[in-house]
Amino acid sequence: MEGVVSVGEGDALVSQGGGVVGWSQECLLSSRENHREDTCLSLLGGEVGGSRLHVIAGPCAVESREQIVEIAQAVKEAGATGLRGGAYKPRTSPYCFQGHHEEALKWLAEARDRTGLAIVTEVMEPGLVPLVSAYADVLQLGSRNMQNFALLREVGKSKKPVLFKRGMSNTVKEFMLAAEYILAEGNPNVMLCERGIRTFTEETRNTFDINAIPVLKHRSHLPVIADPSHGTGKWEYVEAAARAAVAAGADGLLIEVHNDPTRAMSDGRQSLTVERFASLMEQLRRLAPALGREL
Ligand code: PEP
Ligand code: MN
């Protein structure tokens with residue numbers, strides 16, 4: 001892009017020629033200005049980014065074969081199209097449960113065989129992209145890795161669909177610029193996920209940035225997924241935030257669900273029971289038509 005300068009920290013608003021630089025000149029592949037139509041990705045057994053809402057549900061971490069298979073069957077029955085579950089967990093403390101790694105990937109694959117659900121699971125290191133891709137249908141890139149550019153490039157090269165989570169302290173522009181690293185490697189299969197940001201609030205784990213949903217839909221053509229589980233951090237607020245996200249225009253939801261949340265090895269506090277998840281799906285089924293969508 002000749003004549004465009006200072007694409008980096010903050011907003012690059014002025015080009016060398018003195019003209020205003022828009023999002024289209026920074027976010028070359030992700031911006032709506034350069035791609036007017038909504039992008040629909042063939043994923044999760046359908047189209048993500050079209051009129052149908054998709055719900056990816058499951059535990060924070062894959063804890064055992066029995067746990068993931070039981071939860072998979074329950075969320076499938078309730079209407080989920082994707083199964084989430086971490087095999088490699090990005091924990092704040094190195095002393096916390098880090099995941100069951102390849103063994104957990106095998107259990108996820110078994111859960112997919114039994115239910116037909118698409119598997120969404122996180123990859124944290126460039127060197128593990130081939131292994132995780134061999135089992136997963138969608139690679140999750142976590143909030144803590146939003147600007148791990150080596151990882152983004154590797155996932156871009158893999159062409160595997162990506163659930164890309166916003167960094168907890170990053171702007172929407174930084175988020176879209178980071179998505180460019182994946183897109184620029186030739187991987188167009190990116191879903192942008194709002195998962196809450198750091199603020200001064202104490203009552204919730206994060207502040208679920210509902211604004212980011214219409215902002216992302218305005219600025220980008222890519223599908224937007226909302227994660228009210230990490231966005232709130234407390235199960236009792238997840239349903240309200242999920243409804244709000246759908247009303248705000250999200251194309252899908254990521255919801256943590258556990259068969260025994262009080263004993264979960266991670267994020268039990270924000271995990272819905274399978275019964276509450278089924279009730280949320282019922283609410284969404286009634287809400288969707290009012291918004292011109294279906295579940
Ligand atoms: C998760 O999805 O369990 C997770 C670790 O999310 P985030 O990267 O948004 O914290
Ligand atoms: Mn989690």
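Predicted model: local features only at pLDDT ≥ 70, side-chain atom pairs only at ≥ 80, totals over all residues.
Trainee: Which residues coordinate the manganese ion (ligand 2)?

Mentor: Along the chain, the donors of this ion follow the spacing C-x169-H-x25-E-x10-D, and they lie at 2.0 to 2.4 Å from the manganese ion. The coordinating residues, with their atoms, are Cys60 (SG), His230 (NE2), Glu256 (OE) and Asp267 (OD).

Trainee: Are histidine 230 and glutamate 256 buried or exposed?

Mentor: Histidine 230 belongs to helix α8 (residues 228-232) and glutamate 256 to strand β10 (residues 252-256), so placed that the pair, 26 residues apart, links distant parts of the chain. Buried is taken as under 20% relative accessible area, and by that cut-off both histidine 230 and glutamate 256 are buried.

Trainee: On strand β7 (residues 162-165), which residues are buried on each side?

Mentor: In a regular strand the side chains alternate between the two faces of the sheet. In β7 both faces are covered, and the buried residues are Val162 and Phe164 on one side, with Leu163 and Lys165 on the other.

Trainee: Which residue in β8 stands opposite phenylalanine 164?

Mentor: On the β6 side, strand β6 (residues 138-141) pairs with β7 in the parallel sense over three bridges, and phenylalanine 164 is the bridge partner of leucine 141. The chain reaches β7 from β6 through helix α5 (residues 149-158) in a right-handed β-α-β crossover. With strand β8 (residues 190-194), β7 pairs in the parallel sense over four bridges, and β7, helix α6 (residues 172-183) and β8 form a right-handed β-α-β unit. In β8, the residue opposite phenylalanine 164 is leucine 192.

Note on methods
Residues numbered from 1 in each chain as written. Chains lettered and ligands numbered in written order. Heavy atoms only, no water. Donors = N, O, S within 2.8 Å, 3.2 Å for Na, K, Ca; no water. Helix = DSSP H or I, 4+ residues; strand = E, 2+ residues; numbered from the N terminus. Buried < 20%, exposed > 50% of the residue type's maximum accessible area, 1.4 Å probe, protein only. Pairing = 2+ DSSP bridges. Right-handed = clockwise from strand over helix to strand, strands pointing away.
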